[in-house]
Amino acid sequence: MDGDTESTTQARRWHFDGRELDERSLQLSVQGQLVPLHRKPMSVLLHLLQHAGEVVTKDELAEACWPRRVLSESVLTTTINRLRAAIGDHDASLIKTVHGFGYRLAVPVSVEATGGELPERLDFVIGAAVPGRPNWQLVERLGGGGSADVWRIRQDKSGEERVAKFAVSGAALRSLKREITLSRVLRQSLGERPDLLRIVDWSIDQEPFFIEAEYVPAGSLVQWSEAQGGLDSLALALRLDLIAQCADTLAAAHGVGVLHKDLKPSNVLVVADTGGTPRIKLADFGSGGVLDGGALASDITRLGFTQTIAALDTTSGTPLYLSPEVLAGQPVTTQADVYALGVMLYQAVTGDWRKPLAPGWEREVADELLREDIAAAVDGDPARRIADAAELGRRLRHLEARHRSREAERLARERALALQGRLERAEAARRGYLAAAVVLVLGLAVTVALSWRLYETDRERSTALERARSEAAVSEQVSDYLVSLFEAASPEESGGAPIEPRKLVDLGHQALQKHFGKEPQVRARMLGMLGRVYCVMGHTEECRRDIEEALALDGEHPNGNPAVRAKFIFDLSDSQIRAGRYDLAEHSLRQAARLLQEGDVPADSERSIEVQSSLGYVLRALQKPQQSIAVLEALQRTLAAAGQGADSQPAFEALGSLALSYQEAGRTDEALALSQKTVDRVREVLGPDNIQYLYQLDYHGYLLYVSAHYTEAEAARRELLARYEKLYAPTSYHVTTARNNLAAALRQLGRVREAVPLFRRVIADERSAGAPDGPDMGQSLANLGRSLAQLGDSDEALPLLRDALAMTEKAEGANGFQSLRRRLDLADVLLARGSTAEARALLLNSEVAQDLDSTAAQLERARRERLLGNTELAEGRLDDAERHFAAASAAYERNDSTSYDARALTGLGQARLRLARRQAKAAIDQLVAIEADLRARLVADAPLLLEVREQLAQARRS
């Protein structure tokens, strides 16, 4: 309970939409002219101003302005009408009626303090009985503030002690009711928690109004710290632990939609657990609020809390801890509580609970990571502030590990700089190009170092001394080879001409025969390494060439290592995946898995896990979701048996992939639930800046998209794009893919005109990055082509779709699943242009294989049926058209992942069929239903909505 000694309230002057109300003089002016206002409308106006933006219930207004009176609704209605007349709100645009609940002041409000008023305090004496509690007595006044009196009270017989907070004004009574309500919300949502102060009882039926809470002898953080000899005398680790505890508790409250709004050290109490470790209790939610009025349920009208809080009261809170946006009059959000927590962290680090966060505060914090944490929590822009309180707690608890990681990064940078220094023999003007070459070669070195983990494991397992010596010789020759690449990159060797990264790798490839022509084992290793680098750079053909040659050389070695060969084959599968040849990749991965078994590589090794995880992905891409699920669930069991718990990175990767496979198998609800749980857990354990979190967010955005949750998908994809743009180059695969996916979500929301520039940029960036023609580029071209066709530009769309089909068929063959999709894309646009014969030929050659059982395969079958229906309708075969439309409609209805536009387009085809049969009324009824559904989902100028409206107008004219 807040024990601050603030004892006065401030009179205020309120400004809203050209109107002004002075609390001290109770004068109202409208456009500079004084306007008389009766006492009750004045009280109602004051209450609405204090809750600007909120829906204030009729019961709350009655309790605040007519306390302890039974009020008829007509009295309140009359008062509101008088208030509206006084402020000139003739069209009820300032004070809006929220039918069934109450009223809302719907204009921006600002407030300024005009001077102090007399303190308000109850006339209690120590030793007297607590009013309404004959067996309890007043023991000690603990403090006051916010028009409340706080006392320690004691039960005469049992000696139990509690804290009683008495309301001494109407505002304080409302604060008590909020605290009671929020206490109930927290208890019902979170259960009994030791880190939340428990409200034991209350009396709000007769004066004096008060609540009772458990008594904590040690008091607040301020009081407890002083009793320990001062905050600065406590170990920093203990201070940080207390703030981390506060973060956890605050995050739990935020998790159920509850805001504190007055977080500060005096509202955090301290108790000792059984081991003597201090534990916090978060207290005083009297200024709090909720983000979701639904959480209040039936407590709303009885206890007088507002129904919803869209713009929370920004006048509450302690100025030292108020965020900039709150001081500027913006609504309070969870980010405002995080700001207050950041100020408390700064005070804890500097050892002074009274220290304000002033410019130059960074000089007071010696620890680099803590400076970053504080800065992240108190950023002036709430959008850039740390994501949630739990993240700050996680950072503080892992501070030592973060220091070790930061030190390791520093040492790695120093080593890299030292190595680069040895190479900088060119003049200053050429160092920019040389740095690029160094980065590439360092990347090669890292690739080699990682690949040697297998070889070291093999040496430990092998009892043959010769193999160990052989491996050592290979290692030495690899090092010499890397030095030769550095030398080749130097201006002296290249004649001063810059060498592009791709050319440097090509140079290394050409030098292999010269360096290792008689060393097949070393040559195999280097080819495998270079092949992997080609793959990373997107040159899949060169990747495949080098890895296949490495496999051939390794097969000639009498003491060939199965684990090494498995690695080569795994890398080969990566090139096959990038080329869209999932059928070949499946064969390679199964072969790699067999070799790992032959080499006695454990199932829970890094390589085995990687192979099984990729196999699960490939099977899903091949529309074999049941097989994918079997592989990934087996991988989960392997990880669990090996002690790699649910919070390990491999487990996270397997869970994310498994969720995608569930969706493809038609288990959409399971997929979304598993994905959301994984995203939340990864964020909690690894943090929002960890790359694994971004991968899981990507998976989740995809699942939201394919399950037709387009608005949520857009939000997830916007966050992902923003985070990727901070990590990767603008033309990187991650950024372009994220931008493409965001554009796809916008298109499904009907915002096609927003999507088209994004799709164009994706293609330009992919071309700029040297992306090869293949399924991925084909998908990008198809996305742009389909969007242009929706906007009516089929002239530009058709060449794009033809190119997309050609490059996809070249990469995966005419029978590939992506090739089938591209044929359907092209047929759709051809039908819209009236090229029925060419469209029919494509559709007849696009039948989905019956052994494909994925959700995507089912949806493409339905799309083909719909397009065949449009074809038959265009050629006048109405019975055949009806059969195809019926098949499409039935397939869509069976599938939870059917998009709204697929259903709408099928319905549109059926309505056109009815018009062709002169069944105008049935067609109009169907079109009206489709238009209503699309109107609720799409923007007003969405192409599909406009097409349906145009067809509806034609039907009505007919």
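Is the crossing of H30 and H31 left-handed or right-handed? The crossing of H30 and H31 is left-handed, a term used if the near helix is turned anticlockwise from the far one by less than a right angle, with right-handed for clockwise.

## Basis of the model

This is a predicted model, in which local features need pLDDT of at least 70 and side-chain atom pairs count only at pLDDT 80 or more, while totals for chains, interfaces and linings use all residues. Residues are numbered from 1 along each chain as its sequence is written, and side-chain values use heavy atoms, leaving out hydrogens and water.

## Helices H30 and H31

Helix H30 covers residues 794-812 and helix H31 covers residues 817-833 (helices are DSSP runs of H or I with at least four residues, numbered from the N terminus). They pack at an angle of about 160°, with their axes 9 Å apart; axes are lines fitted to C-alpha atoms over the stretch in contact, and angles run from 0 to 180 degrees between N-to-C directions. H30 and H31 are therefore roughly antiparallel to each other (an angle over 145 degrees).

Residues of H30 that meet H31 include Leu798, Leu801, Arg802 and Leu805. On the H31 side, Arg822, Leu826, Val829 and Leu830 are among them. Contact means heavy atoms within 4.5 Å. By class, this contact has 8 nonpolar, 4 polar and 8 charged residues (Ala, Val, Leu, Ile, Met, Phe, Trp, Tyr, Cys and Pro count as nonpolar, Asp, Glu, Lys and Arg as charged, and the others, Gly among them, as polar).

## Helices H34 and H35

The axes of H34 (residues 878-894) and H35 (residues 900-916) come within 10 Å and cross at roughly 155°. H34 and H35 are therefore roughly antiparallel. H34 passes H35 in a left-handed crossing. The contact residues include Phe885 and Tyr892 of H34 and Thr906 and Leu913 of H35. The contact of H34 with H35 divides into 9 nonpolar, 4 polar and 3 charged residues.

## Helices H36 and H37

H36 (residues 920-937) packs against H37 (residues 943-957) at an angle of about 155°, and their axes are 10 Å apart. That makes H36 roughly antiparallel to H37. The crossing of H36 and H37 is left-handed. Among the residues in contact are Ile924, Leu927 and Leu934 of H36 and Leu945, Val948 and Leu952 of H37. This contact has 10 nonpolar, 1 polar and 4 charged residues.

## Cavities

The structure holds 5 cavities of 30 Å³ or more. A cavity is a set of points on a 1 Å grid over the protein atoms alone where a 1.4 Å probe fits but cannot get out, and lining residues have an atom within 4 Å of a point. The largest cavity has a volume of about 180 Å³, volume being the space filled by probe spheres set on the points.

The largest cavity is lined by 15 residues, with Ser183, Leu186, Leu196, Leu197 and Arg198 nearest its centre. Helix H4 (residues 170-190) gives the most to this lining, with 4 residues. The lining has 7 nonpolar, 2 polar and 6 charged residues.

Key: 1 Å grid on protein atoms, 1.4 Å probe; cavity = no way out; pocket = protein on both sides within 12 Å on 5 of 7 lines; lining within 4 Å. Helix = DSSP H or I, 4+ residues; strand = E, 2+ residues; numbered from the N terminus. Parallel < 35°, antiparallel > 145°, perpendicular 65-115°, else oblique.
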